[in-house]
Amino acid sequence: KTTSEKLSMEEFLVDALKGNVILGEPRNLACLAKTWKGLSSKTCPQEMDENEGVLLVEKLKAVDYEYREDVHWTKCQSLLGTGSFGDVYKMEDKQTGFQCAAKKVRVEHFRAEELTTCTGMMHPKILPLYGAVKEGLWVTIFMKLMEGGSLGQLLKQRGYLPEDRALDYLGQTLEGLEYLHACGVLHGDVKADNVLLSGDGNHTVLCDFGHAAHLHPDGGGKYLVTGDYVPGTETHLAPEIVMGKRCDSKVDVWSSCCMMLHLLNGCHPWTQYYNHPLCLKIAKEPPPLREIPPSSHPSTAHVIKAGLEKEPTKRASAAELRAKVYTALQQVGGLTSPWRGEYREPR
Ligand SMILES: CN1C=C[C@@](O)(C#Cc2ccnc(-n3nc(C(N)=O)c4cc(F)ccc43)c2)C1=O
């Protein structure tokens with residue numbers, strides 16, 4: 001199909017989907033999500049009650065082309081966490097009893113990239129998407145429930161992590177990033193809050209595509225600080241982002257090593273040495289290598305140095321860094337510490 005034919009196919013598809021919730025394909029959801037961007041309460045009043053979307057798993061059942069909160073599904077007890085522009089709840093489908101997680105975002109804050117970047121993603125280290133619906137001025141995104149909670153919550157409970165655990169979680173995160181980057185997607189907000197754990201604490205998935213971006217196919221960088229791009233967590237921002245330069249997948253590698261410092265120290269990098277605004281320091285100062293704990297194994301320090309190169313072209317890729325992490329993990333004697341060991345007072 002030519003581009004124009006494909007476009008009309010997409011328009012035809014969206015036209016059929018408007019006002020309905022169906023069990024469908026990831027690409028159906030990606031097309032529909034693009035029509036949700038930029039809606040606001042100023043839109044026509046009937047939009048207020050509109051219910052449309054695409055569910056991707058059988059266990060979430062639309063009824064007569066509808067899937068409404070408290071009618072077809074309901075939030076379970078408390079809040080699980082808060083993502084970029086949205087709260088995350090445990091939910092249950094009233095017909096099937098199936099439970100998963102749901103993130104609710106106001107349409108004004110919804111970025112289509114949160115769905116267009118992760119629809120069709122299938123990887124053991126990436127959080128599976130189960131579908132999304134718009135109901136009035138809310139977009140609800142359904143996803144797999146991760147019983148172990150987030151790495152950010154684990155850090156709050158444990159202070160900081162033993163070196164082998166930190167290396168193992170960094171390695172798994174880099175596996176997920178390697179896949180995302182191969183799919184031409186940049187995550188944009190890699191941090192402990194966006195790494196979720198299995199019930200036994202041994203497996204991680206990357207989540208929250210609220211800051212994600214599609215990379216140019218030519219591999220050339222993208223000007224992130226434009227349009228509707230919202231920067232990720234300030235302490236984890238790469239120098240090229242704060243300097244408004246073209247960015248590519250290397251920004252996620254920088255953030256992953258900021259996360260590593262957070263895992264090893266129990267506090268975000270830069271915050272013990274500088275006041276806000278941190279972005280000026282990130283641009284001007286050398287990388288925060290002095291924050292690598294002196295007790296770390298030299299090969300752990302080597303990993304962090306390779307990921308905190310200020311010049312993106314000199315910085316390791318996710319694949320290169322993952323290989324270094326696995327060498328370091330061997331050097332420290334492999335994964336031996338329990339995931340919920342004793343509390344460690346942040347350094
Ligand atoms: C595939 N997909 C679809 C939406 C997405 O962009 C997201 C997200 C997000 C952001 C912050 N937090 C959580 N979060 N999810 C869970 C869970 N699934 O169990 C969770 C559990 C917690 F304890 C804390 C935060 C949590 C999930 C995305 O990635």
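Trainee: Are tryptophan 73 and phenylalanine 142 buried or exposed?

Mentor: Good place to start, and keep in mind that this is a predicted model. A residue counts as buried when its relative accessible area is under 20%. For tryptophan 73 and phenylalanine 142, the answer for both is buried.

Trainee: What kind of aromatic pair do tryptophan 73 and phenylalanine 142 form?

Mentor: A pair of aromatic rings is described by the distance of the centres and the angle of the planes. Here the centres are 5.4 Å apart and the planes stand at 90°. Planes over 60 degrees apart count as edge-to-face. The pair of tryptophan 73 and phenylalanine 142 is therefore edge-to-face.

Trainee: How many residues apart in sequence are the parts that this pair ties together?

Mentor: Look at the strands that hold the two rings. Tryptophan 73 belongs to strand E3 (residues 73–83), while phenylalanine 142 belongs to strand E7 (residues 138–143), so the parts that the pair ties together are apart in sequence by 69 residues.

Trainee: Which residues do ring pairs link into a cluster with Trp73?

Mentor: The structure holds 5 aromatic pairs. Ring pairs bring Trp73 into a cluster whose other members are Tyr67 and Phe142.

Trainee: Which element gives the most residues to the lining of the largest pocket?

Mentor: This pocket holds about 650 Å³ of space, and its lining has 34 residues, with Gly81, Val88, Asp193, Leu196 and Cys207 nearest the centre. Elements giving two or more residues to that lining include strand E4 (86–93), strand E5 (99–106) and helix H4 (151–158). With 4 residues, the element that gives the most is E3.

Trainee: How many residues of that lining are charged?

Mentor: Take the lining of the largest pocket by class. There are 15 nonpolar residues and 9 polar ones, and the charged residues number 10.

Trainee: How many of the 16 residues of H7 are buried?

Mentor: Helix H7 covers residues 250–265 and spans 23 Å from first to last C-alpha, close to the expected 22 Å. Just after H7, glycine 266 has a positive phi of about 80°. H7 itself is mostly covered, and its count of buried residues is 16.

Trainee: Where is methionine 48, and what is its relative accessible area?

Mentor: Methionine 48 sits in the loop between helix H2 (26–34) and strand E2 (51–55). Methionine 48 is partly exposed, and its relative accessible area is 42%.

Technical notes: Residues are numbered from 1 along each chain as its sequence is written. This is a predicted model: local features need pLDDT of at least 70, side-chain atom pairs count only at pLDDT 80 or more; totals for chains, interfaces and linings use all residues. Side-chain values use heavy atoms; hydrogens and water are left out. Rings of Phe, Tyr and Trp (its six-membered ring) pair if their centres lie within 6.5 Å; planes under 30 degrees apart count as stacked, over 60 as edge-to-face and the rest as tilted. Buried means under 20% relative accessible area, exposed over 50%, partly exposed in between (1.4 Å probe, protein chains only). On a 1 Å grid over the protein atoms alone, a cavity is a set of points where a 1.4 Å probe fits but cannot get out, and a pocket is an open set with protein on both sides within 12 Å along at least five of seven lines; lining residues have an atom within 4 Å of a point. Grid points are joined across faces, edges and corners, and a volume is the space filled by probe spheres set on the points. Ala, Val, Leu, Ile, Met, Phe, Trp, Tyr, Cys and Pro count as nonpolar, Asp, Glu, Lys and Arg as charged, and the others, Gly among them, as polar. The expected span of a helix is 1.5 Å times one less than its number of residues.
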